[in-house]
Amino acid sequence: MNTLAKILALVLVICVKLATPLYFHIGETERKCFIEEIPDETQVIGNYKVQLYDPRTGGFMPSSPGIGMHVEVKDPEDKTILSRVYSSEGRFTFTSHTPGEHVICLYSNSTKWFSGTQLRVHLDIQVGEHAIDYANIAQKEKLSELQLRVRQLLDQVEQITKEQNYQRYREERFRQTSESTNQRVLWWSLAQTCVLLVMGAWQMKHLKSFFEAKKLV
Amino acid sequence: MRWSARVSGAAFGAALLLGLLAALTEAVELTFELPDNAKECFFQEITKNTTSTLEFQVVTGGHYDVDVILEAPNKEVLYRKVKTQFDSHTFTATMDGVYSACFSNEFSTFSHKLVYMDFSVGDEPALPGIGEHTTVITQMESSAQEIHKSLNSVADYQTHHRLREAQGRKRAEDLNSRVLTWSICETVAVVICAIGQVLVLRNFFTERRPFTQFN
């Protein structure tokens, strides 16, 4: 009785968690991308649900098992780290190995060439310590409330440390870019002055020889 | 024995129910690209008397501004900003239904923008099991809760810092590539002008012979 209640409650929690998040509309052949700027070794979990537009009722069908969702994740170096077709409802997970901007793209696996019907996509992306399921951990490791709370604090602090480290790397990149711009401005000014002087000298020489040939000088 | 098992089962059930209710509160942060002349809307179902916050910031693009409209289920405009760079708006839902937050870049003809959005509904979900003893909270637990709140605000500040830094960094990278392009274009223009001047000048002093040949 106890285990049955537990299972039922867990199932309800999962169902409710998928039903409530934010949603938006996209065309059937449209591709929607989201950018997540994250440090390395960070887990990202995305929960999504796709509903197809029902022209009969003017609304969206509660569940559309026919359509699949293609999820593509690219890392900061533009390499694809996840490219899979999932069913109309589910979750995708990936862990970043390089710090930077990861692009998560979603599009349906529709075979149409131009825009078909509208799709309603429910999406929820959780990053880092928000991606950790504490109910699961409490149950598996049999932690008391205080232990669970301390565990949560430890995870949060770890994520903050990673983010600070990533910030140091970003600031270095910013500084390199600024120094490169500074160098470029300096060298290009000198180069352009040289080009101007060379062109001026060439013009004078060419015109002088031209006028001498014409016997005007 | 059976009575205690039933009580613990009921307590667990109550805790999970609380967890279930708490799971109804969500916070979603998304960074998306808004093409020029486009409008993107995000919808969220909110129950009555829930405090929600919509926060946005334009990271890159154009003059770093975007139009924002927040509408209630009865199409009443709760919040509207025109050409704003960043803002945060907290509101309490007066009715059940689907609230929409729309970002518009329709005033811009060629700059697509990168917008960060955070739409959080309700309070943060409590840790499972914490909801059980709401009457007696130990000193340790309340200190831990304080630390948790502080760490939440640290993470929040970090996000804002990251967005500001991304804005500055992207602007610097853009400037860097533009300096190179402009310099090359200018050098090419100077060379073409110099050669052009010489050719035109030569043309002035060249006699045109073709017509006289036929006479």
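# A tour of chains A and B

Select residues 39–121 of chain B: this span is 0% helix and 67% strand, and its end C-alpha atoms are 22 Å apart. Helices (H or I, at least four residues) and strands (E, at least two) are DSSP runs, numbered from the N terminus. UniProt, in an unreviewed entry, places the feature "domain: GOLD" at these residues, 39–121 of chain B. UniProt positions are given in the numbering used here, feature names are shortened, and annotations may be inferred rather than shown by experiment.

Before going on, note that this is a predicted model, in which local features need pLDDT of at least 70, side-chain atom pairs count only at pLDDT 80 or more, and totals for chains, interfaces and linings use all residues. Residues are numbered from 1 along each chain as its sequence is written, chains are lettered from A and ligands numbered from 1 in the order in which they are written, and side-chain values use heavy atoms, with hydrogens and water left out.

**Stop 1: Cys41(B)**

Select Cys41(B), which is found in strand S2 of chain B. Which residues does Cys41(B) touch, leaving out those up to four places away in sequence? They are Tyr23(A), Phe24(A), Ala101(B) and Cys102(B); contact here means heavy atoms within 4.5 Å.

**Stop 2: the domains of chain B**

Colour chain B by its domain assignment: domain 1 (1–25), domain 2 (26–123) and domain 3 (129–203). These bounds come from an automatic or database domain assignment. Taken over C-alpha atoms, the centres of domain 2 and domain 3 of chain B are 20 Å apart. Ten residues of domain 2 and eight residues of domain 3 make up the contact in chain B.

Domain 2 and domain 3 of chain B bury about 850 Å² between them, with 52% of it on carbon and sulfur atoms. Buried area is the accessible area (1.4 Å probe) that two parts lose on being put together, summed over both. Select Gln57(B), Val59(B) and Tyr64(B): in domain 2 of chain B they lose the most area to domain 3, together 50% of what that side buries.

How many salt bridges cross the interface of domain 2 and domain 3 of chain B? The rule finds zero; a salt bridge is a side-chain nitrogen of Lys or Arg within 4 Å of a carboxyl oxygen of Asp or Glu. Three residue pairs (both at pLDDT 80 or more) are in polar contact across the interface of domain 2 and domain 3 of chain B. A polar contact is a pair of N or O atoms within 3.5 Å; within protein, one must be able to donate a hydrogen and the other to accept it, and residues adjacent in sequence count only if both atoms are side-chain atoms.

**Stop 3: where chain B meets chain A**

Show both chains. The contact takes 68 residues from chain B and 62 residues from chain A. Chain B and chain A bury about 6,200 Å² between them, 64% of it on carbon and sulfur atoms. Between chain B and chain A there are 22 residue pairs in polar contact (both at pLDDT 80 or more). Helix H1 (2–23), strand S1 (27–34), strand S2 (39–46), strand S8 (113–121) and helix H2 (139–204) of chain B each supply at least two residues of the side that touches chain A. H2(B) gives the most to that side, with 37 residues.

The count between chain B and chain A is seven salt bridges. Select Arg170(A) and Glu165(B), which form a salt bridge whose closest N and O atoms are 2.7 Å apart. Over all chains, a search of the whole structure finds 16 salt bridges. Arg170(A) lies in helix H3 (residues 145–213) of chain A and Glu165(B) in helix H2 of chain B, so the pair joins two chains.

**Stop 4: two annotated spans**

Select residues 179–201 of chain B, where UniProt (unreviewed entry) places the feature "transmembrane region". This span of chain B is 100% helix and 0% strand, with its end C-alpha atoms 33 Å apart.

Finish at residues 136–163 of chain A, where UniProt (unreviewed entry) places the feature "coiled-coil region". That span of chain A is 89% helix and 0% strand, and its end C-alpha atoms lie 25 Å apart.
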